[in-house]
Amino acid sequence: MTAEYATVTQLPQYHLWDRTKGKRIPYSFDLELTARCNNSCRHCYINLPRNDRDAIKRELTAEDIASITDQAVSLGSLWCLITGGEPLLRDDFSEIYTLLKRKGLLVGLFTNACLISEEHISLFKRYPPRDIEVTVYGATKETYEKVTRRPGSYAAFRRGLDLLLERGVKVRLKAMALRSTVHELPEISRFCRTYTKDYFRFDPLLHLRYDGNKKRNAEIMAERLLPEEVVAIEQADQERADSLLRGCDELIIPALKNQESNRLFTCGAGVKSFTIGHDGYFRLCSSLWHPGCVYDLRKGSLKDAWEHFVPQVLGLRSSDRDFLEKCRKCPIINLCLWCPAHAYLEAGRMDAWCQYFCEVAHARAKALEKRAGLSQ
Amino acid sequence: MQELDMDARYIPSGNIVAREIEGELIIVPLVSGIGDIDDELFSVNETGKVIWDRLDGKTSLTQVVQLLADQYSVSRQEMEQDVRGFVGELLKRKMITDARASPASS
């Protein structure tokens, strides 16, 4: 019926994505509402205390966000992911959420669900989010609160999740594979899959904090699994192992060995998406905090950031011999957490080699090659 | 399909947002129950777009047909078929409302 005047397409198949393949258009952006969190998770890179006054002072106001969103929409943004910290800590969350919806954005939300209230449920029922993703830090109170370090957080999470599920709000669950959770990962996976059958993922890779806090970075490193543990849990999860195998040709690319390039950025940062930081700083992706790669939106415009600043960053090159010989020519770079952003967080240099990431990538490649060999 | 009143004047519903991205008109539902689309995108093609642009709450469907038939040198009958088809689809998806019944038209 609609064929002559309009089309209804599955979002990923929409022809506009193909038509604009080579163009830089910011179709999506992450909006970090706050760097604060009600929890204090061991592995987290952005969770200042919930009452941190300096952090509150730096946060964008709803008016700032409305103005930035207007600019994003005029540049072509269609998706917005609200993230944090914990976004629901903001008293004006509902106001901000509604304004994003009213601008014609498809809005997603990352939350720990602990602060979900009846007011939020009414809001999401009236203005449905595209999706809400909740991380499950444990299938038991002991494990959950070992990660969050906040007594009562497990009960708050279960109450919030139940509220969302009972009232039919679309939720997707995910997990972190940490030193503190790995013993319970099968139970966490089962828990998640019970509620969201079509979607579950776990993340075994941790990058360091944006603020460089040494004590907290040490805690993150202590939560990292050994490379062989990462591989073992990935291979034990049939869905993930199959998916890795299916993508094998894009994960291991021998031709990269011959690559002659000294460009730092070969990823998708600043190509189809960007991040708005809680402090009003524009970043090319959520992890890229290098001071030379961020743009203060309180002093300039999003248009200027996107059209003039991003190309400058994407044009950065390295002359570091180690980087050029190791990472830039690495055929398994797509199995690695290495990228200029994570390298900076890890070692203070965007072209630094990162031993842990490298070891995980090699262990993954070995397991993948073995599995590919077996399946032939 | 419901019979269309060709004297009616329609406007975009307050429950959708019409977005133009890279020259494409996309209708984004704001509230639940609009368009019944979950992981899908409702985009309007060139033919639909010229009709959509005339749904301003001031022009009746009969006038829209006449204006577009003149503008594109097609028969009135042919244009009426297009307008009825597209407007019917938009009404079914609750993407437009009758301006006479809408407080937004005042």
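User: How many residues of chain A are in contact with chain B?

Analyst: Two residues are in contact if their C-beta atoms, placed from the backbone, lie within 7 Å. By that rule, 24 residues of chain A are in contact with 23 residues of chain B. This is a predicted model, in which local features need pLDDT of at least 70 and side-chain atom pairs count only at pLDDT 80 or more, while totals for chains, interfaces and linings use all residues. Residues are numbered from 1 along each chain as its sequence is written, and chains are lettered from A and ligands numbered from 1 in the order in which they are written.

User: Which element gives the most to the side of chain A that touches chain B?

Analyst: Helices (H or I, at least four residues) and strands (E, at least two) are DSSP runs, numbered from the N terminus. On the side of chain A that touches chain B, β1 (6-10), α4 (93-102) and α5 (118-126) each supply at least two residues. β1(A) gives the most, with five residues.

User: What is the make-up of that side by class?

Analyst: Ala, Val, Leu, Ile, Met, Phe, Trp, Tyr, Cys and Pro count as nonpolar, Asp, Glu, Lys and Arg as charged, and the others, Gly among them, as polar. The side of chain A that touches chain B has 12 nonpolar, seven polar and five charged residues.

User: Which domains does the assignment give for chain A?

Analyst: Domain bounds come from an automatic or database domain assignment. For chain A it gives domain 1 (26-243 + 270-316) and domain 2 (319-376). Their C-alpha centres lie 25 Å apart, and 15 residues of domain 1 are in contact with 14 residues of domain 2. Helix α10 (residues 227-236) of chain A gives the most to the domain 1 side, with five residues. By class, that side has nine nonpolar, four polar and two charged residues.

User: Where do the buried residues of α7(A) fall, seen down its axis?

Analyst: An α-helix has 3.6 residues a turn, so residues three or four places apart point the same way. A residue is buried if 20 or more other C-beta atoms lie within 10 Å of its own, exposed if 12 or fewer, and partly exposed in between, with C-beta atoms placed from the backbone. In α7(A), the buried residues are Ser153(A), Tyr154(A), Phe157(A), Gly160(A), Leu161(A) and Leu164(A). They fall within an arc of 130 degrees, so they line one face of the helix; the arc is that of the directions from the helix axis to the C-beta atoms. What covers them includes β7 (131-136), α6 (141-148) and β8 (171-176) of chain A.

User: Which residues of α6(A) are buried, and what do they pack against?

Analyst: Thr143(A), Tyr144(A), Val147(A) and Thr148(A) are the buried residues of α6(A). Their arc around the axis is only 125 degrees, which puts them on the same side of α6(A). The buried residues of α6(A) pack against α7 of chain A.

User: Which residues follow the two helices?

Analyst: α6(A) is followed by Arg149(A), with a positive phi near 55 degrees. Gly168(A) follows α7(A), and its phi is positive too, near 75 degrees.

User: Is Glu250(A) buried or exposed?

Analyst: Glu250(A), in helix α12 (residues 248-251) of chain A, is exposed, with 9 other C-beta atoms within 10 Å. Glu250(A) and Ile333(A) are 83 residues apart in sequence and 9.9 Å apart in space, C-alpha to C-alpha.
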